[in-house]
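Here is a short briefing on charged side chains and how they pair up. Look at the structure first, then read the points below.

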Amino acid sequence: MSEHTAALRWSRHGRDFTYETYSRDHELTFENGQKTLASSAPGFVGNPEALNPETLLVGSLSSCHMLTFLAVCAKRGYVVDHYEDDASGRLDKNADGKMAITRITLRPKAVFSGGKQPTAEDLAKLHERAHANCFIGSSIRSDVVVEPR
């Protein structure tokens with residue numbers, strides 16, 4: 001087992017504290033020391049220059065799926081040369097009427113080299129296995145859709 005951490009720091013910086021005026025900007029520091037500016041999404045009075053939690057969730061799932069997919073491919077003798085994903089997440093009301101990321105769509109595209117090339121059926125199975133073993137995918141309640149390109 002392992003534990004993963006992120007430290008969050010926010011301060012009012014003397015600004016008025018009303019819904020319309022308080023700053024949503026905050027700093028996230030990850031366990032390796034990397035820092036990023038985060039905020040709420042622009043639709044929720046956030047800073048469009050910063051990362052928002054919804055985007056971070058979509059990015060985390062996309063990254064985890066790719067890392068798991070690469071491991072699955074390597075163990076099965078496929079050589080992946082390039083991988084990209086244009087992932088998106090839908091913020092909507094869930095079954096309880098609460099705002100949630102209700103659907104995340106991954107659109108991965110992998111380029112293979114070597115003599116062993118996956119068929120379309122093989123590729124679907126590789127992505128299914130990656131999704132089934134992705135730590136982040138196993139951690140969230142949203143529907144996750146994988147649409148290989």
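Glu84 and Arg149 join their side chains in a salt bridge, at 3.2 Å from N to O. A salt bridge here is a side-chain nitrogen of Lys or Arg within 4 Å of a carboxyl oxygen of Asp or Glu. Glu84 sits in strand β4 (residues 79-85) and Arg149 in the segment after β8 (143-146), so the pair ties together parts 65 residues apart in sequence. This is a predicted model: local features need pLDDT of at least 70, side-chain atom pairs count only at pLDDT 80 or more, and totals for chains, interfaces and linings use all residues. Residues are numbered from 1 along each chain as its sequence is written, and side-chain values use heavy atoms, leaving out hydrogens and water.

**Around the first pair**
- Glu84, Asp86 and Arg149 are linked in a network of salt bridges.
- Glu84 is partly exposed at 32% relative accessible area (buried is under 20%, exposed over 50%, partly exposed in between, with a 1.4 Å probe and protein chains only).
- Arg149 is partly exposed as well, at 42%.

**Other salt bridges**
- The structure holds 5 salt bridges.
- Glu147 pairs with Arg107, with the closest N and O atoms 3.8 Å apart.
- That pair links distant parts of the chain: Glu147 in the segment after β8, and Arg107 in the loop between β6 (99-106) and β7 (108-113), 40 residues apart.
- Asp92 forms a salt bridge with Arg90, the closest N and O atoms being 3.2 Å apart.

**An exposed lysine**
- Lys75 belongs to helix α1 (residues 53-75).
- Lys75 counts as exposed, at 72% relative accessibility.

Methods
Helices (H or I, at least four residues) and strands (E, at least two) are DSSP runs, numbered from the N terminus.
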